[in-house]
Amino acid sequence: MPGFADSFGTFSPTIHGLIVSSILLPAAFTSFFAGHLADKVGRLNAISIGAAIFAVGAALEARAVSLAMFIPGRALAGIGEGFFLSTVVVYICEICPPERRGPVASLVQLLTTLGIPTGYFVCYGSVNIKSSYSWRLPFILQAVFAAALACTCRFLPASPRWLIDRGHTSKVGPAMDRLQLDMQQFQEELESAGPAAGDTNEPQARQSYQRLLWVFREDNRKQAFLGMFLMGAMQFSGIDAVLYYAPTVFRQAGLSSTQSSFLASGITGIVIFVSTIPASFLSDKWGRRTSSLWGAVTMAICMLLIGSLYASGSVHEHQGAARWIVIVTIYLFTISYSTTWSVGFKLYVSEIQPPQTRAAASSLAQSANWVSNFIVALITPIFLDYSSFGAYYLFGVSIVLTGLVCLMYMPESRGKSLQTIHREFDESLHVKVLRAIGRGWSQWGRKRGGVKVEGPKSTGSSISELSKLEKTKETSP
């Protein structure tokens, strides 16, 4: 934005990347502890604290007179964002019944995507203000909305699962009434989960710290590591490269004026918002696994196509159809991301975690997301400056690798209770592999001319014993 350049000067691609990404590392650091904070003070209090810190940081950015003041404000905003972002999804997952969890939790992403075009068009409108308010106004609005979030959290009902976990049983009934939840269904889910952490004799402070370590126990770490990988992979799809540097990306494709690039960026935000609407309301019909795989295929095609067009020298700034193909493909990429990974991954990562470690594991996954986001935000302007196609190939290959991981290690979670998901996830990673080997062994034996093969029986027996062992381990205190 010209007004920002007038206030602070112009920057090299490296400094540009550092300024943009300065919000991300603090967010990654605080996300690591957000689960502990949410377990200790409650989901809503953690969200409120994070939003208040973000508001102060945004206000500092709006008031900045130098980079020495602007960057600390941005870092403070990142600290607040790290506290509240992952906790929002945890809170929603805990207050929703299984049949409504997908659409309701997806509303978070839907409203986030509404903020993207709003931000672009605010900048599109403020860029013509003949003062530093051309770039200060967006930060002022951020501070106002964050302060509003911090205040409104005080009027929402607490998570019944958190109340049970902390021993506040007398408050569970009123919270359930306000949320209009079925008490019998809630009790059945709690019984299937086994003893809550709050039912032990351990001091509460010690329990909260232990949960950071419980994430890495043998029966929990598979979910935690998959969640961290998926949240990091979201950023290496290239979506934030498009969002953070959309004006640069569109200028590279031939839209040279500042207003044209902001307008194209705003249209990108509208496309993301509109495509997120059906994805949010149909999330429990499509399934998390299916949408993830389709998203990987379509997004990889888009990124590799754009990279190939630039690598072949087909894209020219002022002529040729290739530049329009690039622009349209960017829009197709954002549509694919918004209808698949954007909605599904964040919800899925929280769903698959065991109840006792859900907040801590979700926070670790969000921390991985911020670290990946920082790397992408830092390297994208450098890539775009030195290579027109390198970034697109990097993102395309990352998407392909993520799709393979989803194919092999991602069980479906649609419409299932949180405790059922935990059991199925455990089974899918070892028992189902043995079943597949057993079926393959049996089919190979039949193809050998009807020769009786004893392998499948022993494999099936091992599977049965392994399943019984898992169920015994899950129900034991």
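Colleague: Is the crossing of helix 3 and helix 4 left-handed or right-handed?

Modeller: Please bear in mind that this is a predicted model. The axes of helix 3 and helix 4 come within 6 Å and cross at roughly 125°. That angle makes helix 3 oblique to helix 4. The crossing of the two helices is right-handed.

Colleague: Which residues of helix 4 does helix 3 meet, and how many charged residues does the contact of helix 3 with helix 4 have?

Modeller: From helix 3, the residues involved are Leu37, Ala38, Asp39 and Val41, and they meet Arg43, Asn45 and Ala46 in helix 4. By class, the contact of helix 3 with helix 4 has four nonpolar residues and one polar residue, and its charged residues number two.

Colleague: How far apart are the axes of helix 3 and helix 5?

Modeller: Two packed helices are described by the angle between their axes and the distance between the axes. Helix 3 (residues 24-41) and helix 5 (residues 67-95) pack at an angle of about 40°, which makes helix 3 oblique to helix 5. Helix 3 passes helix 5 in a right-handed crossing. The distance between the axes of helix 3 and helix 5 is 7 Å.

Colleague: How many charged residues does the contact of helix 3 with helix 5 have?

Modeller: On the helix 3 side are Pro26, Ala27, Thr30, Ser31, Ala34, Leu37 and Ala38, and they meet Ala75, Gly78, Ile79, Gly82, Phe83, Ser86 and Thr87 in helix 5. By class, the contact of helix 3 with helix 5 has eight nonpolar and six polar residues; of charged residues it has none.

Colleague: Helix 5 also packs with helix 20; at what angle do their axes cross?

Modeller: The axes of helix 5 and helix 20 (residues 358-386) come within 9 Å. Helix 5 passes helix 20 in a right-handed crossing. An angle over 145 degrees would count as roughly antiparallel. Helix 5 and helix 20 are instead oblique to each other, with axes that cross at roughly 135°.

Colleague: Which residues make the contact on each side, and how many of the residues are charged?

Modeller: Helix 5 contributes Glu81, Gly82, Leu85, Ser86, Val90 and Glu94, and helix 20 contributes Arg358, Ala359, Ser362, Ser363, Gln366 and Trp370. The residues of the contact of helix 5 with helix 20 divide into four nonpolar and five polar, while the charged residues number three.

Colleague: Turning to the rings, why does the pair of Tyr310 and Tyr392 count as stacked, and how buried is Tyr392?

Modeller: The structure holds 11 aromatic pairs. Phe54 and Phe84 form one that is edge-to-face, at 6.3 Å centre to centre and 85° between the planes; Phe54 is in helix 4 (residues 43-63) and Phe84 in helix 5, 30 residues apart. The rings of Tyr310 and Tyr392 have their centres 5.7 Å apart and their planes at 15°, so that pair is stacked. At 8% relative accessibility Tyr310 counts as buried, and Tyr392 is buried with a relative accessible area of 5%.

Colleague: Finally, what share of the contacts in the protein with a separation of 6 or more involves residues 24 or more positions apart?

Modeller: The secondary structure of the protein comes to 23 helices and zero strands. Buried residues make up 51% of the 477 residues. Among contacts with a separation of 6 or more, the share from residues 24 or more positions apart is 80%.

Conventions:
Residues numbered from 1 in each chain as written. Predicted model: local features only at pLDDT ≥ 70, side-chain atom pairs only at ≥ 80, totals over all residues. Heavy atoms only, no water. Axes fitted to C-alpha atoms, helices over the stretch in contact; angles between N-to-C directions. Helix = DSSP H or I, 4+ residues; strand = E, 2+ residues; numbered from the N terminus. Parallel < 35°, antiparallel > 145°, perpendicular 65-115°, else oblique. Left-handed = near helix turned anticlockwise from the far one by under 90°. Contact = heavy atoms within 4.5 Å. Nonpolar A, V, L, I, M, F, W, Y, C, P; charged D, E, K, R; others polar. Phe/Tyr/Trp six-rings, centres within 6.5 Å; stacked < 30°, edge-to-face > 60°. Buried < 20%, exposed > 50% of the residue type's maximum accessible area, 1.4 Å probe, protein only.
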